[in-house]
Amino acid sequence: MIIETNSPEETFAFAQKLGLEAVPGQIFTLDGDLGVGKTVFAKGLAEGLGITEPVSSPTFTIVQEYTDGRLPLYHFDVYRIEEPEEMEEIGYDEYFNGDGVCLIEWADMIRELLPEDVIRIRIRKVPEKGFDYREISVEGMKE
Ligand code: ADP
Ligand code: MG
């Protein structure tokens, strides 16, 4: 499935809808270059889950937990992961197999640790289509 957006608000709204419909144990991976809108997406997903705490990029920790919503959100940024052991240390499998919703930014970096059953979100710019245009591809979503 491909979604096209033309503003941060549209990207936010799409993610919010996914958050509203998310079920326990769901894992979203989120890839895309710097500045494509991953944080916009994360904020929308959190809003859809009913989270009111401010969501930002988990820059200094691998995972940030938000627990004041309908379901817990575990927001990973694995950009700086160099060894799978770093994921072991934070007990990643407890999160992946838990009853919350996982959102994993830069999931390509830990591809070998991901379960099969994930929803893969990829955001990209298409310069010819304008500054605010984003193509969001979604794979693995059950209809
Ligand atoms: P990332 O987390 O991927 O580095 P951010 O979400 O922090 O990116 O920033 C995305 C930037 O792109 C924001 O300034 C946002 O306003 C802008 N933007 C413009 N158009 C869009 C769009 N269609 N979807 C998401 N963000 C957009
Ligand atoms: Mg970001």
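The shell around ligand 1 consists of seven polar, four nonpolar and four charged residues. This is a predicted model, and in it ligand 1 takes the space of the largest pocket.

**Ligand 1 and its shell**
- Ligand 1 is surrounded by 15 residues, the closest being T11, G35, K38, T39 and D132.
- The side chain of T11 places an N or O atom 2.6 Å from a nitrogen atom of ligand 1.
- An oxygen atom of ligand 1 lies 3.1 Å from a backbone N or O atom of G37.
- R134 has a polar side-chain atom 3.2 Å from an oxygen atom of ligand 1.
- Two or more shell residues come from each of α1 and α2, and α2 gives the most, with three.

**The largest pocket**
- This pocket holds about 310 Å³ of space.
- Its lining has 20 residues, with G35, V36, G37, K38 and T39 nearest the centre.
- Helices α1 (8-21) and α2 (38-48) each supply at least two lining residues; α2 gives the most, with three.
- Seven lining residues are nonpolar, seven are polar and six are charged.

**The second largest pocket**
- About 240 Å³ of space lies in the second largest pocket.
- Of its 14 lining residues, V23, Q26, I119, M141 and K142 lie nearest the centre.
- Here α1 and β2 (27-31) are the elements that give two or more residues to the lining.
- The lining of the second largest pocket comprises eight nonpolar, three polar and three charged residues.

Key:
Residues numbered from 1 in each chain as written. Chains lettered and ligands numbered in written order. Predicted model: local features only at pLDDT ≥ 70, side-chain atom pairs only at ≥ 80, totals over all residues. Heavy atoms only, no water. 1 Å grid on protein atoms, 1.4 Å probe; cavity = no way out; pocket = protein on both sides within 12 Å on 5 of 7 lines; lining within 4 Å. Points joined across faces, edges and corners; volume = space filled by probe spheres on them. Helix = DSSP H or I, 4+ residues; strand = E, 2+ residues; numbered from the N terminus. Nonpolar A, V, L, I, M, F, W, Y, C, P; charged D, E, K, R; others polar. Near = heavy atom within 4 Å. Polar contact = N/O pair within 3.5 Å; in protein donor to acceptor, adjacent residues only side chain to side chain. Sits in = over half its atoms within 2 Å of the grid points.
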